[in-house]
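The sequence and structure come first.

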Amino acid sequence: LLEGTKVGIGQHTNICLGKPCANPDLIPSLLDENGNFHSSKAFREAYKEGRDLIKLDEAVIETEAQYLRFKELTGKDPDYFEAHAVISDHLVKALAIVANKYHLPFNDINPMVEEGTFRGKPIHTLPFGAFAKEYDPLSCLQDGILHHLSEEMPNVAIFHPGYLDDYILTHSSLTINRTKEVTMLTDIKTREWLNKED
């Protein structure tokens with residue numbers, strides 16, 4: 001946790017946006033013809049077809065390189081260790097290998113299923129509808145809380161709040177809805193509703 005706070009900083013391993021931390025020559029299956037990671041859309045399409053775009057040994061190399069960079073920047077191990085936006089059996093295995101090697105708290109969260117682990121403990125993830133055109137994050141959160149909660153394990157809602165700039169607009173499929181999440185997550189009415197529902 002950040003000193004003096006209850007905020008944890010973790011490694012949200014990225015293999016779908018930008019350039020790698022590892023030597024590109026060692027991880028060709030992760031990269032497109034321009035040396036950038038494949039897009040999350042490419043990974044989603046491959047997953048639907050039953051293909052895994054990446055090789056396990058290459059995923060281990062890049063995951064470990066990102067961990068070492070994280071430690072260099074922060075001076076500490078991550079409070080949690082997971083991946084971003086990519087559904088890949090090889091990536092999950094690579095994360096587990098690196099987590100085991102360095103004794104890291106691995107989160108196994110797959111956006112396609114509602115159960116996973118957070119810091120080694122079972123969790124239930126609430127539905128996430130941020131790619132819908134008419135997305136209303138408060139309604140989505142309320143629906144998840146009122147209709148999809150698990151009584152057996154902790155419930156987790158994942159959001160991607162942010163502001164738009166040229167980079168986001170030209171590199172991400174999640175744009176306007178990020179700003180809607182900022183508004184919802186900072187609105188006192190959201191806190192009031194959560195408190196009312198206990």
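## Helix crossing

In this predicted model, α2 and α3 cross with right-handed geometry. Their axes come within 8 Å, at a crossing angle of roughly 50 degrees. Angles from 65 to 115 degrees count as roughly perpendicular and those under 35 as roughly parallel, and α2 and α3 are therefore oblique to each other.

## Residues between α2 and α3

On the α2 side, the contact is made by Leu56, Ala59, Val60, Thr63, Glu64, Tyr67 and Leu68. They meet His90, Leu91, Lys93, Ala94, Leu95, Ile97, Val98, Lys101 and Tyr102 of α3. By type, the residues of this contact comprise eleven nonpolar, two polar and three charged.

## Nonpolar cores

In soluble globular proteins, nonpolar side chains tend to be buried together. The largest nonpolar core here contains 23 residues. Ile15, Leu30, Ile54, Phe81 and Leu91 have the most contacts inside this core. At least two of its residues come from each of α2 (56–74), β2 (81–83) and α3 (89–102). The largest contribution, five residues, is that of α3.

A separate core of five residues lies apart from the largest one, and includes Leu126, Leu141, Ile145 and Met184.

## Surroundings of Ile54

Which residues does Ile54 contact, leaving aside its neighbours within four places in sequence? The partners of Ile54 are Ile15, Ser29, Leu30, Phe43, Ala59, Ser88, His90 and Leu91. Among these partners, Ala59 belongs to the α2 side of the helix contact, while His90 and Leu91 belong to the α3 side.

Methods: Residues are numbered from 1 along each chain as its sequence is written. This is a predicted model: local features need pLDDT of at least 70, side-chain atom pairs count only at pLDDT 80 or more; totals for chains, interfaces and linings use all residues. Side-chain values use heavy atoms; hydrogens and water are left out. A nonpolar core is a set of buried Ala, Val, Leu, Ile, Met, Phe, Trp, Tyr and Cys residues joined through side-chain atoms within 4.5 Å. Buried means under 20% relative accessible area, exposed over 50%, partly exposed in between (1.4 Å probe, protein chains only). Helices (H or I, at least four residues) and strands (E, at least two) are DSSP runs, numbered from the N terminus. Contact means heavy atoms within 4.5 Å. Axes are lines fitted to C-alpha atoms, for helices over the stretch in contact, and angles run from 0 to 180 degrees between N-to-C directions. Angles under 35 degrees count as roughly parallel, over 145 as roughly antiparallel, 65 to 115 as roughly perpendicular and the rest as oblique. A crossing is left-handed if the near helix is turned anticlockwise from the far one by less than a right angle, and right-handed if clockwise. Ala, Val, Leu, Ile, Met, Phe, Trp, Tyr, Cys and Pro count as nonpolar, Asp, Glu, Lys and Arg as charged, and the others, Gly among them, as polar.
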